[in-house]
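Subject: Structure handover and notes

Dear colleague,

Please read them beside the coordinates.

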Amino acid sequence: MSSSRSRAQKHQNRTAFKPDLYGCNKRVSEAKTLAFGGVCTRCKDQIEWKKSFAKYKPLTAPRKCTECTQKTVKHAYHRICMPCVLKNQVCGKCGKKETIVESYPQTPAEQAKEEATFKEGLRALSERERRSLLRSAATGGNEGASERKRGSDCYPNVNCSESGTNLCDACSSDDDDDSGSDAAAMKMILKNDA
């Protein structure tokens with residue numbers, strides 16, 4: 001019956017819903033900042049909708065996982081725990097083998113372990129490589145040595161083989177240890193772009 005109606009709905013919202021319009025309670029503010037993961041696109045949209053309309057209720061106690069039957073589900077609206085999601089590559093909410101859009105956020109222990117590994121790796125690098133890596137990480141890392149190609153595609157608008165100078169790590173030999181090559185490469189890029 002409702003599918004045959006041709007007119008628009010009678011009562012339409014003039015303004016968007018704001019969950020914190022009359023002050024923000026604790027549950028709404030926690031739901032805004034709460035990170036979740038291991039879900040497909042459809043489930044991600046559903047959880048985001050619940051957050052934006054103040055319908056999200058966080059989990060108070062761990063729930064039982066449907067895969068391993070352990071009380072390890074720590075995220076609201078999830079049926080499958082994080083280890084089972086990662087192992088089986090399924091959505092943590094609906095359980096379907098869909099493409100996982102949101103990955104699980106790292107725990108503080110995992111972040112500390114990754115940071116310790118990174119610092120240990122930095123100690124093994126030479127001073128030049130260390131500064132180059134930290135500089136590329138600070139700028140976004142989109143021109144890392146692993147992403148550069150040998151030859152004319154090393155730096156945009158710069159051809160290392162034609163200029164006779166090796167401006168990048170991919171084009172330079174291993175025994176060349178010129179500490180100013182990164183600065184020279186950046187000057188050449190800026191000069192050619194202008």
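Helices (H or I, at least four residues) and strands (E, at least two) are taken here as DSSP runs, numbered from the N terminus. On that basis the chain follows the pattern α-α-α-α-α-α-α along the sequence, with seven helices and zero strands.

Please keep in mind that this is a predicted model, in which local features need a pLDDT of at least 70 and side-chain atom pairs count only at pLDDT 80 or more, while totals for chains, interfaces and linings use all residues. Residues are numbered from 1 along each chain as its sequence is written, and side-chain values use heavy atoms, with hydrogens and water left out.

Confidence

pLDDT is the predictor's confidence in each residue, on a scale from 0 to 100. The chain averages 75, and 70% of the residues score at least 70. Confidence is highest in helix α2 (residues 41–52), at a mean of 90, and lowest in helix α6 (residues 160–163), at 49. Over residues 144–153 the pLDDT is below 50, and this stretch has 16 contacts in the model beyond near neighbours in sequence, a contact being heavy atoms within 4.5 Å. Residues 173–180 also stay under 50, and for them the model has five contacts beyond four places in sequence.

I use "buried" for under 20% relative accessible area, "exposed" for over 50%, and "partly exposed" for values in between (1.4 Å probe, protein chains only). Accessible areas come from the Shrake-Rupley method with a 1.4 Å probe, and for residues only the protein chains shown count as cover; the accessible surface of the chain comes to about 14500 Å², of which 50% belongs to carbon and sulfur atoms. Among contacts between residues at least 6 apart in sequence, 40% join residues at least 24 apart.

A nonpolar core is a set of buried Ala, Val, Leu, Ile, Met, Phe, Trp, Tyr and Cys residues joined through side-chain atoms within 4.5 Å. The largest has nine residues, namely A31, F36, V39, C40, C43, I47, Y56, A76 and C91. A second, separate core has seven residues, including C65, V73, C81 and V85. Returning to Y56, its contacts, leaving aside neighbours within four places in sequence, are R27, A31, L34, I47, K50, K51, A76 and Y77.

On the surface, F17, W49 and F53 form a nonpolar patch with about 320 Å² of accessible area together. Patches are made of residues with over 30% relative accessible area and no salt bridge, where like charges are joined within 9 Å and nonpolar side chains (Val, Leu, Ile, Met, Phe, Trp, Tyr) within 5 Å. F17 is found in the segment before α1 (26–33), and it counts as partly exposed because its relative accessibility is 47%.

Salt bridges

A salt bridge here is a side-chain nitrogen of Lys or Arg within 4 Å of a carboxyl oxygen of Asp or Glu, and the structure holds four of them. One joins the side chains of E115 and K119 (3.5 Å, N to O), which both lie in helix α4 (residues 108–124), four residues apart, about one turn of the helix. E115 is partly exposed, at 46%, and K119 is partly exposed as well, at 44%.

E127, R130 and R131 are linked in a network of salt bridges. E127 meets R130 at 2.6 Å, N to O, and these two are about one helical turn from each other because they are three residues apart in helix α5 (residues 127–139). R131 meets E127 at 2.7 Å, N to O, the two being four residues apart in helix α5. With relative accessibilities of 41% for E127 and 23% for R130, both count as partly exposed, whereas R131, at 54%, counts as exposed.

Backbone

Most residues other than glycine have a negative phi. A54, however, has a positive phi of about 55° although it is not a glycine, and phi of Y77 is near 65°, also positive. A54 is found in the loop between α2 and α3 (82–88), and Y77 lies in the loop between α2 and α3 too. A54 is partly exposed, at 24% relative accessibility, and Y77 is partly exposed, with a relative accessible area of 24%.

Best regards
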